[in-house]
Every structure is written in structure tokens, then in C-alpha cells.
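Let's take a walk through this one, a stop at a time. Keep the viewer open and follow along.

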Amino acid sequence: MTRPPVDPTVELRGITKRFPGTLANDAVDLTVRRGEIHALMGENGAGKSTLMSILYGMERADAGSIRIDGREVTFGDPSAAMAAGLGMVHQSFKLFDSLTVAENVVYAAEPRRFGLLDRAAARRRVRELAEEHGLAVDPDARVGDLPVGLRQRVEILKLLHRGARTLILDEPTAVLTPAEADALFAVLKSLAAQGRTVILVTHKLREVLEGSDNVTVLRDGRVVARLVTADTSADEIASAMTGRAVDLDRVHAPGTPGDAVLEVTSLTTDAVHDVGLTVHAGEIVGIAGVAGNGQSELVEALAGLRPVASGRVTLKGRDITHVSATERRAQGLAYVPEDRHAVGTAPAASVADNLAMGHHRTSLSAKGLLPPATVRTHAGRLIERFGIKAATPEVPASALSGGNLQKLLIGRELAHEAPLLLVEQPTRGVDIGAIQNIHDQIVAYRDAGHAVLLVSAELSEIRGLADRVLVMYEGRVTATYTKDEADEQALGLAMAGGAVAPTEAVD
């Protein structure tokens, strides 16, 4: 653990924030001390992100005060918070896709030579930070070409480059493997030992228990628990978050596979090499791998979003290798992408309209029109089924927390009842109680006779849900495991390149 905390560096008193129809923060008090890693936890919509947005100058509180290093402050924008020594990594990335990694990291804090950006110095700075903190990434890579996991590394490098004294990290390990998360926490502990302050917003209990000093739990906008990490347990934190007992280690019973639904033969793209796999009706096949090893590119190729160089893809016996994404959906494919903001939803559209997407040509359509009452009824049904916290179905999707946006996306795609579901990171940024619900819904989908191809960075999720597990390494399937064989040690070794060929026939 980090050394005992000393003087307060962040003090929030009586923070209250209202949005139309929602009391996001209700007289919240929070004290975080210098040299401390302080975890802020709560279910989606509990008010965590709103509270941190107020601290970072992105929102104005309706009431309450903020003190930094003992001095009362008012931040009109994030630049003022940064000037006071705060740095924040957000759930939704704040990056320029067209710029390189180095250009993103040093943006607004550039090394200069003769008044111009010193690109060599910027690249050197990124390499030094990446090596020092175990966050390997190519300084010259264009950010728009990077998978989500590597983009998260760029966000963390930005914060480290600016030398913030107080670090606010909102779900920082959502896209990292367990080993990468452990490495990040080693960095955070080192920074705390140097006297920096870390505020960690996360849903991951293992990380909180192993990496924090104190925990504050929010529920419905109020503080419901203040806990010393060394004196608490995962069950106590989960109970405080949800208000009920939660089964944290549930492993679902295996399914009963039927006919093949998805068959992939020798599939090759720019990032996937000679991949073969089969997913049957009544089966969940999980794909494990470190971010950047081809999992996302494989799913994009199957969804029709990435061209196939060679190989064959069939859905219920029909060749869909080169058909459009629209036609694939029409033939029975549902898709939950890992990037819920840029690919999965339309943030500016309403919650109701987002939930109608894909249904607008089928179940919701009446003679080519979308009756508003039908759209609202459909939205209300899914909002209740998946526990989506939205003030009204008419609010824009951008008003939802990250976890609630994920619930929206999952709910919409499951409602298609398609023969095949492709799902990436189904519970990323989702609270403990909602994770159970989503897992139960996915298993019920399987048990109704559908096929599911699951990609997840959470080994516990893969092991809890999948009937078979494939491991990808450098764009290839290098190992396959049954449910009983897929222990964490075997998967971790294969994910690190310790397996060179499948251990059994994929189908």
C-alpha cells in the first residue's frame, strides 16, 4: 500500500448539482489527502462522473465549495483546474484522431524549437514516458488508427506529460488486461509515494481493494459509505453500491450447442491472419487477447465494417464474406461494438431514437413511418428491462453516463433477437449490479438458441460466460480452450504469446 496520507489536497463540501429531472449530486462531501489513492465508487448514474466534472471545471455546482491545497477555488473551465495542478483522464477519449500519438500527448504543452513544435523532442518525451511507466505505444502512429486500448494509453501519457499533482482517472483500466492494469497501479502507487494525489473512479473491486487507501461510495447522488480499504471487503463495497447482496463470482452453466450459425474459414484482413472459427446456436464463444492483437479487427470484418482480403464467412449457411453491413443485419447479425460513442450510438439523438435504430425498418415501422408512440413504448420497455437511467426517453444519448449508454446499446441489440450476436466489451464501464443483469441477458439469449461471439478484456467475464475460449495473438488464433480448461493462468500465458497453435479443433 502507499504510505499513510497526510494533509488534504482536495476538499469538496456540500456539492449539489441538478439537471432537468435529476438530482445528480446531493450535498456531497469528499476529502482526499496528499499521497493517497482514493477510490470513488457507485452504480451508473450515482453521480461519480458529475462530481469529478465539477472538480475539474467542466460543470458548475449549484451549491457547495471546492478547496485545493487548503485554498478555496472556483474553476470556470478545465484549463483553470489544470493550472491548479489537476489532470483528468476521461471515459470518452479527448484525442485528435488525425494527429500522431506524440502530437496528442504534448498538445497545448509542446516542446518548441525556434518557436515551432519540436517533433523530435515530442517523440523523445513520449518514448521516455512510455518506457518509464510501461505504456508502450508508437509515438508516430496516427491516433485514429489505434485500437481503443492503445488510445487509453495515450490519454494516460498526456496526463503524465503535464506533471499533474492531483490525478483524476475515470475508469482508466476499462480497456486494459489484468497485467496492464497491475502495471498501471504500480505507476499510481509510485506517484502517490512521491506525494501526488490520485482519485480513481472505477467499478473494479479487485483494483480498489489492491490499489487504494480509502473508498467513498455514492448511491443516488449521496455519499452512503466512507471505508478504509484495509478494513473492508468486496462484499461490503458491492452492498454499499447496490443496496443489496451481490454474487461477485458467478460462473454460468454451459450451454447446449446446436447447428453452426457462424462459420469462418481462413479469414485474412490487414490485421487478421488465417483465422478459422465456428459458433453454434446455443453457444457463447469467447475471444481473449491483449488489446491490439486483432480481436477488434476480426469482429469488424465479421460485421462488414472492414474489408476481407481472403477467406470465407457464412451466416446460417449463406456466404456473407463481401456483403454490406446492412445486408448482414438483415440476414440475422446483431452487433455491439467496443466504441459505444463513435460506432455504437448517435450521441446527439434521443435515447428513444437510439433504441429504435435497426428496428426502424422492421418491428417499429408502419407503412414506412415510425409512429412516435410506438418508438416511445419500445424505448420504455428496454429502459425498464436493462435499468437504463435516463430522465426521459427524449433526452439526448450524450446526457447518459458511460455505463447507461452501454446498457442502451446492449438492450437495443439483444432486442433484435438475431441468430448471431457479435459483442465486444459488453460490460465496460458498467456497475456491478448491471453487470449481473447484462450477463444474465446474454446467457438467456444463448439459451433461447442464439449464437454469441464475445470479445472481452475481462478474463473473469470470458471465463464466467463462454462455453469455449479462443485466444488471439498477433492477429492469429493461437489457442482454444473448453470452459473447464480456461483457467486464468492458461489464458494469461496464451495471451502473452505462450501458445503457438490451437490446442484442439476450433469447431
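Start with Asp118, which counts as buried because its relative accessibility is 17%, and the cut-off for buried is under 20%. Bear in mind that this is a predicted model. You'll find Asp118 in the loop between β8 (116-117) and α4. Leaving aside residues up to four places away in sequence, Asp118 touches Pro111, Arg112 and Arg113. For a sense of scale, pick Lys367 as well: Asp118 and Lys367 are 249 residues apart in sequence, and their C-alpha atoms are 60 Å apart in space.

Now follow α4 (119-133) to the loop between it and α5 (148-161), where Leu135 sits. Leu135 has a relative accessibility of 7%, so it counts as buried too. What does Leu135 touch, not counting residues up to four places away in sequence? The list is Ala130, Arg153, Ile156, Leu157 and Leu160.

In soluble globular proteins, nonpolar side chains tend to be buried together. Here the largest nonpolar core has 47 residues, and Ile284, Leu355, Leu421 and Tyr481 have the most contacts inside it. Another core, of 32 residues, lies apart from that one, and Leu135 is among its members, along with Val126, Leu169 and Val187.

Next, the strands. Take β13 (residues 260-268), which pairs with β14 (residues 275-280) in the antiparallel sense over five bridges. One of the residue pairs to look for is Leu262 with its bridge partner Val279 in β14. The β13-β14 hairpin has six residues between the strands, and Asp274 takes a positive phi near 55° there. β13 also runs antiparallel to β16 (residues 310-315), again joined by five bridges. In that pairing, Glu263 has Thr314 in β16 as its bridge partner.

Before moving on from β13, look at the loop between α8 (234-242) and β13, which holds His252. Why does His252 count as buried? Its relative accessible area is 8%, and the cut-off is under 20%. Beyond residues up to four places away in sequence, His252 touches His439, Asp440, Val443, Gly464, Leu465 and Lys483.

Finally, there is an open sheet of six strands, in the order β18-β19-β20-β15-β21-β22, with mixed pairing. Its edge strands are β18 and β22 (476-482), each of which pairs on one side only. From one strand to the next, the twist averages 20°.

Zoom in on β18 (residues 333-336). In a regular strand the side chains alternate between the two faces of the sheet. In β18, Leu333 and Tyr335 point one way while Ala334 and Val336 point the other, and all are buried. β18 pairs with β19 (residues 420-424) in the parallel sense over four bridges, with Leu420 in β19 as the bridge partner of Leu333. Step across to β20 (residues 451-455): β19 pairs with it in the parallel sense over five bridges, and Leu420 stands opposite Ala451 there.

For a last stop, bring up helix α15 (residues 432-447). This helix lies across β15 (283-288), β19 and β20, and runs at about 130° to β15.

Definitions and conventions: Residues numbered from 1 in each chain as written. Predicted model: local features only at pLDDT ≥ 70, side-chain atom pairs only at ≥ 80, totals over all residues. Heavy atoms only, no water. Helix = DSSP H or I, 4+ residues; strand = E, 2+ residues; numbered from the N terminus. Buried < 20%, exposed > 50% of the residue type's maximum accessible area, 1.4 Å probe, protein only. Contact = heavy atoms within 4.5 Å. Pairing = 2+ DSSP bridges. Core = buried A, V, L, I, M, F, W, Y, C linked by side-chain atoms within 4.5 Å. Axes fitted to C-alpha atoms, helices over the stretch in contact; angles between N-to-C directions.
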